[in-house]
Amino acid sequence: MAWRGWAQKGWGCGQAWTPLVGGRSYEDLTAALAPPRLLGRRFNLFIQQKCGFRKAPRKVEPRRSDTGTSGEAYKRSSLIPPVEETVFYPSPDPIRTLLKPLVFTVGFTGCAFGSAAIWQYESLKSRVQSYFDGLKADWLDSIRPQKEGDFRKEINKWWNNLSDGQRTVTGIIAANVIVFCLWRVPSLQRTMIRYFTSNPASKVLCSPMLLSTFSHFSLFHMAANMYVLWSFSSSIVNILGQEQFMAVYLSAGVISNFVSYVCKVATGRYGPSLGASGAIMTVLAAVCTKIPEGRLAIIFLPMFTFTAGNALKAIIAMDTAGMILGWKFFDHAAHLGGALFGIWYITYGHELIWKNREPLVKIWHEMRTNGPKKGGGSK
């Protein structure tokens, strides 16, 4: 039979065009040739197709972090948590993605150094009173009968034997240990991945830049970082002081994560990062820049020593190569950002930032001295 024309028929849900075969419509032929018991089912099925029932459009799933080259590389690293079930949302606009982290980095760094300046002012103000309180406590201890095996006294003795730098980093190490224990709680995995890993493809961008500095998923990773921090704590606190060191350390964690964000957005290699390596690289670079002739050694190979300056050059060269070649076992961009910030701060930043804190300290001193007067009466 040949196709001769089209006939228009109106059904309840709209009009449909049906081909005419030999003067008869195709559905009439179907009804005549079909067995009686299947007639209703076939006819209803044909009507449904003509009424325009359509398949629902396929939902576009957001990209996951384990897709592509970078995701597979990050999944293979044992230093970060598994993120196969975590959905990330890379932004199509890289400038907009980095704008909020940039503002957060600048604002947090300013607040950190401002708080450190006020902290130092309060510490200096209370030292005289603390000195006399200490003399009074020593006199009372001398006339008070001593208890043998006093646990609190042993803790105080251990604490007093630590250097200023070791006492300063003890709180940082304790915070890292607490966060490491939280990673072991299964019900907190999603929360930890969201807030304690930094990733420019995540919905939460700013707070993980700081929180991930205290976050370690691997015990070896945490132990190595904390050992390096403990080893360099005395030197860096002697150079900067307790308050300035804390401002540099916290700012270094945020700045190194921002550099990591920039590198990930520029290369399109999204993936989570965590660990204190960026901040510790700042500490290491600051000490090596200030004391380049100091001798260092590797813990497992103490017989081989080298100068701090050469060690810093080797670390920068390795992290630069890792960032260019796309090595994924470590976040080399964060390492490099932390090292460069440490070199810059010791060379220029101390003069530009810390030595210009006097106006802020004067304002704080006036607020403390000329506070609101009691009584409120007029003269």
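Helices here are DSSP runs of at least four residues, numbered from the N terminus. With that in hand, here's a quick tour of this predicted model. Its largest pocket has a volume of about 1,100 Å³, and helix 9 gives the most to the lining, with ten residues.

**The pocket**
- Of the 35 residues lining the largest pocket, Ala224, Val228, Leu284, Ile298 and Ile315 sit closest to its centre.
- Two or more lining residues come from each of these elements: helix 9 (219-240), helix 11 (277-290), strand 4, helix 12 (308-325) and helix 13 (332-352).
- Sorted by type, the lining has 25 nonpolar residues, eight polar ones and two charged ones.

**The core**
- The largest nonpolar core holds 59 residues, and the ones touching the most other members are Trp183, Leu229, Ile236, Phe245 and Tyr249.
- Helix 10 (residues 242-267) supplies the largest share of this core, with eleven residues.
- What does tryptophan 183 contact, once its neighbours within four places in sequence are left aside? Its partners are Pro81, Gln189, Met192, Ile193, Phe196, Thr197, Ser215, His216, Phe217 and Leu274.

**The hairpin**
- Strand 4 (residues 295-298) and strand 5 (residues 301-307) run antiparallel and are joined by four bridges.
- Two residues lie between these strands in the hairpin they form.
- Arginine 295 has threonine 307, in strand 5, as its bridge partner.
- Strand 4 also turns up among the elements that give two or more residues to the lining of the largest pocket.

Terms used:
Residues numbered from 1 in each chain as written. Predicted model: local features only at pLDDT ≥ 70, side-chain atom pairs only at ≥ 80, totals over all residues. Heavy atoms only, no water. Core = buried A, V, L, I, M, F, W, Y, C linked by side-chain atoms within 4.5 Å. Buried < 20%, exposed > 50% of the residue type's maximum accessible area, 1.4 Å probe, protein only. Contact = heavy atoms within 4.5 Å. Pairing = 2+ DSSP bridges. 1 Å grid on protein atoms, 1.4 Å probe; cavity = no way out; pocket = protein on both sides within 12 Å on 5 of 7 lines; lining within 4 Å. Points joined across faces, edges and corners; volume = space filled by probe spheres on them. Nonpolar A, V, L, I, M, F, W, Y, C, P; charged D, E, K, R; others polar.
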